[in-house]
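Grab your viewer and try these exercises on the fold.

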Amino acid sequence: MPRAPVSLTCSAVAGSLALLARQRAWVARQDGKHVYVIRHGTAVHNVRFGRKDEVFRDLIEKRGRENRDNRWLFPEIEEWAYIRRRTVDTELVESGVHEARQLGEAWMGGRARIHDRQGATEVAPLAMNDIDLIVTSPLTRTLQTTMEVFFVRDAPQRAGSGPAARWQRSRSESSRPQGGLQADTEAADKPIIALDMIKEWSQGRHTPNLRKDRSRLAQAYPAVDFAHLDSDRDQMWRSHWGGDPNGLEPRAHLEARVARFKQWLAKRPERNIAVVSHGTFLGNLLFGTFIEDTNDLAHCKIYRFEMGA
């Protein structure tokens with residue numbers, strides 16, 4: 001059942017516009033490019049890995065409970081959570097959809113917060129309206145997250161139209177001047193680009209990280225530009241990487257992908273960019289880390305990656 005639009009009082013609209021003005025003033029004072037990164041919502045394979053204590057209780061007790069988060073000591077858990085036909089290109093679970101939708105609503109309402117490794121910090125200084133470019137991994141869980149964060153999927157729609165963008169809906173609701181402030185009327189369209197290079201590690205053996213063909217994705221997500229993918233069929237993912245005893249993607253290859261993405265961002269003309277990707281990829285981008293199951297990025301939280309001017 002569609003949610004009813006929230007009726008805004010004059011004072012609430014004025015407060016929202018005042019917040020938007022403060023956010024834009026902050027942006028105007030900053031130098032360089034600002035990249036806001038989001039890990040996707042909880043997906044099927046995340047739930048499976050989270051059940052390891054229940055499913056592998058006897059094995060964990062035998063090998064040491066203190067080591068249960070060390071995936072290298074428990075290849076059976078790795079196999080069960082990440083290397084199965086049933087976990088190919090996994091989707092969000094219901095709680096993951098809720099996480100993404102909550103973030104979108106909070107961001108549009110000025111309530112979203114920037115996070116770091118210790119948790120929430122200050123209120124997000126950049127309004128969703130002022131994001132110039134959205135970049136997403138082409139895996140299903142990140143595409144679903146992108147749609148839930150930036151679009152209102154259950155809003156009333158015209159026949160044949162897709163889901164309404166949150167920033168478009170916001171502008172239509174505040175199209176009349178309120179409290180002496182003129183509502184924003186600039187073009188509402190924001191490019192959404194999918195890139196293979198920001199898919200999750202490992203691009204070897206881990207079936208959740210094998211994407212669908214570009215032609216299928218373009219049909220399912222018409223709002224997303226898939227022209228930048230490396231190929232129609234996923235050529236990056238391999239069933240087994242040579243040179244690694246476990247057949248997994250080498251760390252050096254992940255780091256090369258991260259470096260290539262930084263270069264790609266630097267060449268883009270947009271200044272304010274949102275990126276929807278994955279825990280290990282974004283952990284390496286932000287902190288230079290690799291496989292930190294005990295200190296992973298939270299799902300559907302905003303982290304800030306600062307690039308130089």
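**Exercise 1.** Work out which hand the crossing of α6 and α7 has, and what the two helices bring to their contact.

*Solution.* Start with the hand: α6 and α7 cross in the right-handed sense, where right-handed means the near helix is turned clockwise from the far one by less than a right angle, and left-handed means anticlockwise. This is a predicted model, in which local features need pLDDT of at least 70, side-chain atom pairs count only at pLDDT 80 or more, and totals for chains, interfaces and linings use all residues. Residues are numbered from 1 along each chain as its sequence is written, and side-chain values use heavy atoms, with hydrogens and water left out.

Next, the geometry. The axes of α6 and α7 lie 7 Å apart, at an angle of about 35°; axes are lines fitted to C-alpha atoms, for helices over the stretch in contact, and angles run from 0 to 180 degrees between N-to-C directions. Helices here are DSSP runs of H or I with at least four residues, strands are runs of E with at least two, and both are numbered from the N terminus.

Now the residues. On the α6 side, Val97, Ala100, Arg101, Leu103, Gly104 and Trp107 meet Thr145, Glu148, Val149 and Phe150 of α7, contact meaning heavy atoms within 4.5 Å. Sorted by class, this contact of α6 with α7 has 6 nonpolar, 2 polar and 2 charged residues. The classes go like this: Ala, Val, Leu, Ile, Met, Phe, Trp, Tyr, Cys and Pro are nonpolar, Asp, Glu, Lys and Arg are charged, and the others, Gly among them, are polar.

**Exercise 2.** How many aromatic pairs are there, and which rings form a cluster?

*Solution.* First the rule: rings of Phe, Tyr and Trp (its six-membered ring) pair if their centres lie within 6.5 Å, with planes under 30 degrees apart called stacked, over 60 edge-to-face, and the rest tilted. That gives 4 aromatic pairs. One of them, Trp107 with Phe150, is tilted, at 5.8 Å centre to centre and 55° between the planes. Trp107 sits in α6 (residues 94–108) and Phe150 in α7 (residues 140–150), 43 residues apart, so this pair links distant parts of the chain.

Then take Trp201 and Phe290: their ring centres are 5.1 Å apart and their planes stand at 75°, which means an edge-to-face pair. Trp201 belongs to the loop between β7 and α9 (214–220), Phe290 to the loop between α11 and β9, and the two are 89 residues apart. Trp201 counts as buried because its relative accessibility is 4%. As for the cluster, ring pairs join Phe261, Trp264 and Phe281.

**Exercise 3.** Where do α10 and α11 touch, and what does α11 lie across?

*Solution.* Begin with the helix pair. The axes of α10 (residues 251–267) and α11 (residues 279–287) come within 10 Å and cross at roughly 65°, and this crossing is right-handed. Leu254, Glu255, Arg257, Val258, Phe261 and Lys262 of α10 meet Thr280, Phe281, Asn284 and Leu285 of α11. The contact splits into 5 nonpolar, 2 polar and 3 charged residues.

Turn to the sheet side. α11 lies across β1, β8 (272–277) and β9, running at about 150° to β1. In α11, 8 of its 9 residues are buried, and these buried residues pack against β1, α10, β8 and β9. Just after α11, Gly288 has a positive phi of about 75°.

**Exercise 4.** In what order do the strands line up, and which stand at the edges?

*Solution.* Pairing needs at least two DSSP bridges between two strands. By that test, 7 strands make an open sheet with mixed pairing, in the order β3-β2-β9-β1-β8-β4-β7. β3 (119–123) and β7 (192–194) are at the edges, each with a single partner strand, so one side of each has no neighbour in the sheet. From one strand to the next, the twist averages 35°.

Now zoom in on β9 (residues 302–306). β1 (residues 34–39) runs antiparallel to β9 and is joined to it by 5 bridges, with His34 opposite Glu306. β2 (residues 113–116) pairs with β9 in the parallel sense over 2 bridges: Ile114 has Ile302 as its partner, and His115 has Tyr303.

**Exercise 5.** Is Ile131 buried or exposed, and which residues does Ile131 touch?

*Solution.* Locate Ile131 in the loop between β3 and β4 (133–136). Its relative accessible area is 2%, so Ile131 is buried. Leaving out residues up to four places away in sequence, Ile131 touches Tyr36, Trp107, Leu126, Lys190, Asn272, Ile273 and Ala274.

Notes
Buried means under 20% relative accessible area, exposed over 50%, partly exposed in between (1.4 Å probe, protein chains only).
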